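Please read the structure below with an eye to its charged side chains and its open space.

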Amino acid sequence: MDFNEPKTVGRDIDSDDVQLGYGFGYDHNYVLDKSEKGAFELMAQVYAPSTGIEMKAYTDRPGVQLYTGNFIATQNGKQGAVYERRQGLCLESQFYPNAVNEPNFESPMIKANEVYQSKTSYQFCVR
């Protein structure tokens, strides 16, 4: 489940990794290597060679959830497109799962009347 070096998302998705088996693909939180807590930095970069579309995503959150559409049932889309299982992915900036119960994790808790702000940006281009 290592994406520190570029690879296709589907390359290892059907490997015998027990964690991938539980979710029938990726549905996992990744810890971001931040320069400092709350820094607004790159969380993910995705490229589709077939279209040339590249997406870069930035966030100030400590983690990113990668989900690969493991439970998509056949869906009809625009202009006759049909979407099947794993024909999409989500990159969701977030705190770590169970952070509320882990004192070493950045806390997701806010108190009544506190203002919460977070920033995530998705940038698209064509290579």
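A salt bridge is a side-chain nitrogen of Lys or Arg within 4 Å of a carboxyl oxygen of Asp or Glu. This is a predicted model, in which local features need pLDDT of at least 70 and side-chain atom pairs count only at pLDDT 80 or more, while totals for chains, interfaces and linings use all residues. Residues are numbered from 1 along each chain as its sequence is written, and side-chain values use heavy atoms, with hydrogens and water left out.

The structure holds 6 salt bridges. One of them joins Asp60 to Arg61 at 3.2 Å, N to O. Both Asp60 and Arg61 are buried, where buried means under 20% relative accessible area, exposed over 50%, and partly exposed in between (1.4 Å probe, protein chains only).

Salt bridges also link Lys7, Arg11 and Asp12 in a network. Asp12 meets Lys7 at 2.6 Å, N to O, and Arg11 at 3.3 Å, N to O. Lys7 counts as buried because its relative accessibility is 17%; Asp12, at 22%, is partly exposed, and Arg11, at 56%, is exposed.

A pocket is an open set of points on a 1 Å grid over the protein atoms alone, where a 1.4 Å probe fits, with protein on both sides within 12 Å along at least five of seven lines; lining residues have an atom within 4 Å of a point. The largest pocket holds about 1,100 Å³ of space, a volume being the space filled by probe spheres set on the points, which are joined across faces, edges and corners. Its lining has 30 residues, and those closest to the centre are Phe3, Lys7, Ala44, Gln45 and Val46.
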